[in-house]
Amino acid sequence: MKGGVAELFDSFRKIVLPIATLLLLLKISYSSFDSTTDSLLQNLESSQNGSLPLDQPEQVSPGITGTSTNYSAKTGIRQQTCNIFVGKWVPYSKGPYYTNETNCVIDDRQNCMKYGRPDSDFIHWRWKPNDCELPLFDATQFLQLVRGKTLAFVGDSLARNQMQSLVCLLANASIPVDVSETTDTRYRRWLYKDYNFTIMALWSPQLIKSYDSDPTGDPYYSLMNLYLDKADDVWASQVDKADIVIISGGQWFFRPFMYYENDQLIGCHKCNQKNVTKHTHYYGYRMAFRTAFKTLLSMKKLKGRLVMLRPFSPAHFENGDWNNGGNCNRTRPFNNQEMKLDGYELKMYMIQLEEFKVAEKEGRKRGSVKFKFLDTTEAMVMRPDGHPNHYGHWPHEKKLPDCVHWCMPGPVDTWNELLLATLKMEGDEFIQR
């Protein structure tokens with residue numbers, strides 16, 4: 001009898017106990033793994049041969065983790081945050097933060113109220129992240145966060161669209177003084193005296209050095225020289241004054257280009273010249289962001305400062321292209337089952353993410369620039385109703401519909417709600433920079 005018990009115990013020790021231990025270790029390992037911390041780029045890389053469904057809560061953008069934790073010395077509390085860039089648009093009965101009568105500058109081409117847009121539903125939606133609420137924009141809180149700092153918007157007219165939205169949002173708390181060094185509104189600067197806070201616009205649609213070889217030609221089709229390894233001095237000579245840089249671009253890379261590196265012609269896009277290597281527009285686009293990021297990383301004065309990439313802003317032309325009958329007549333958002341980021345827009349987005357990921361890693365390695373990803377793309381791909389369309393000019397003016405820029409007020413204001421939330425996630429570390 002004793003021998004049988006001993007044999008049974010020995011079998012338990014040799015067989016059952018190891019299996020139980022293995023199961024316990026697997027359970028601990030599984031519970032410790034948080035799949036939401038995978039970057040959106042990693043998820044995209046596994047499915048880049050097809051369309052990207054934008055309704056997956058587990059996908060997160062580099063720079064903003066899905067379940068990151070912030071510590072505030074002021075409260076002594078660690079606050080759990082969610083991925084604010086994955087969600088849906090929900091009805092919002094209250095009115096916009098501002099109107100076309102607010103004391104702020106709205107570019108006429110985005111002033112949809114002024115030019116009689118008949119519907120107003122487009123201003124009655126709010127972005128709702130899947131796992132939390134996106135706080136309303138608090139102008140005073142924003143100004144307190146950026147006290148003593150300078151914010152630079154580097155990019156094309158969509159960067160200016162965001163800048164003007166921010167100025168209008170801040171008008172609820174403070175009216176700035178125009179301290180621009182030029183009358184060209186593409187390079188406007190605003191100073192909020194009470195907060196010693198400056199906003200500067202640095203218009204640079206290609207981000208790198210360019211030269212229009214035919215200045216009198218068609219602005220959309222004339223041939224332009226693009227120097228892929230040289231940053232545009234318009235912003236590169238000014239941006240070291242900034243504490244926060246928001247860089248963006250995308251819509252100006254489709255025209256004909258001659259590509260140069262080391263001042264030598266290395267290829268072209270949409271050119272008819274013989275014996276010149278032909279490239280797609282993606283080549284110049286990638287090189288532009290690569291050079292821009294390398295330039296920012298090389299600036300010693302930017303050490304410890306914040307650089308944000310605001311990725312590709314989707315257009316919504318239907319029934320044709322921008323120059324052959326296309327328009328954007330929809331009056332409500334898509335839901336995340338109806339619209340996916342695909343085609344060339346997905347490719348543009350991927351290129352930005354790939355270059356961003358390299359720059360972010362290099363910034364951490366050097367301990368220099370801190371990169372963050374202000375991922376507005378998912379939210380905006382669902383907003384075909386947010387563009388000026390025919391309401392960026394008077395009806396009798398024969399102008400093309402605009403399905404690229406965004407009405408003000410409108411969905412573009414969400415970009416700055418996301419900006420404020422991102423700055424708050426930086427916590428005390430950002431305030432003390």
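This report walks through the fold, cores, cavities and some individual residues of a predicted model.

## Ground rules and overall make-up

Because the model is predicted, local features need pLDDT of at least 70 and side-chain atom pairs count only at pLDDT 80 or more, while totals for chains, interfaces and linings use all residues. Residues are numbered from 1 along each chain as its sequence is written, and side-chain values use heavy atoms, with hydrogens and water left out.

The protein chain holds 10 helices and 15 strands; these are DSSP runs numbered from the N terminus, with helices being H or I of at least four residues and strands being E of at least two. Of the 433 residues in the chain, 51% are buried. Here, buried means under 20% relative accessible area, exposed means over 50%, and partly exposed lies in between (1.4 Å probe, protein chains only). Looking at contacts (heavy atoms within 4.5 Å), residues 24 or more positions apart account for 74% of those in the chain with a separation of 6 or more.

## Helix α4

Helix α4 covers residues 157–170, 14 residues in total, and spans 20 Å from its first C-alpha to its last, close to the 20 Å expected at 1.5 Å a residue. That expected span is 1.5 Å times one less than the number of residues. The helix is mostly covered, with 14 of its 14 residues buried.

At the start of α4, a side-chain oxygen of D156 comes to within 3.0 Å of the backbone nitrogen of L158.

## The nonpolar cores

A nonpolar core is a set of buried Ala, Val, Leu, Ile, Met, Phe, Trp, Tyr and Cys residues joined through side-chain atoms within 4.5 Å. The largest one here has 99 residues, and F142, L170, F197, I199 and W235 touch the most other members. Helix α6 (residues 281–298) gives the most to this core, with nine residues.

L170 lies within the range of α4. Leaving aside residues up to four places away in sequence, L170 touches F137, A139, F142, L143, Y192, F197 and I199. There is also a second, separate core of six residues, among them Y227, Y260, C268 and V276.

## Cavities

The structure holds three cavities of 30 Å³ or more. On a 1 Å grid over the protein atoms alone, a cavity is a set of points where a 1.4 Å probe fits but cannot get out, and lining residues have an atom within 4 Å of a point. Grid points are joined across faces, edges and corners, and a volume is the space filled by probe spheres set on the points.

The largest cavity contains about 50 Å³ of space. Its lining is made up of F153, G155, D156, A159, R160, R186, A201, L202 and W203. The elements that give two or more residues to this lining are β5 (150–155), α4 and β8 (197–203), and β8 gives the most, with three residues.

## Buried residues worth a visit

M308 sits in strand β14 (residues 306–309) and is buried, with a relative accessible area of 0%. Not counting residues up to four places away in sequence, M308 touches V245, I246, I247, K372, L374, L419, T422 and L423. M308 and L419 are 111 residues apart in sequence, yet 9.3 Å apart in space, C-alpha to C-alpha.

A379, in helix α8, counts as buried because its relative accessibility is 3%. Its contacts, again leaving out residues up to four places away, are with W89 and W127.

## Loops and backbone details

S222 is found in the loop between β9 (208–212) and β10 (224–231) and is buried, at 8% relative accessible area. A polar contact of 2.7 Å joins the side chains of S222 and R255. A polar contact is a pair of N or O atoms within 3.5 Å; within protein, one must be able to donate a hydrogen and the other to accept it, and residues adjacent in sequence count only if both atoms are side-chain atoms.

Two residues other than glycine have positive phi values: D263, near 65°, and N275, near 60°. D263 lies in the loop between β12 (257–261) and β13 (264–269) and is partly exposed, at 46%. N275 lies in the loop between β13 and α6 and is exposed, at 84%. Finally, the peptide bond from M408 to P409 is cis, with omega near -5°, and P409 is in the loop between α8 (377–381) and α9 (413–426).

Note on methods: On a 1 Å grid over the protein atoms alone, a cavity is a set of points where a 1.4 Å probe fits but cannot get out, and a pocket is an open set with protein on both sides within 12 Å along at least five of seven lines; lining residues have an atom within 4 Å of a point.
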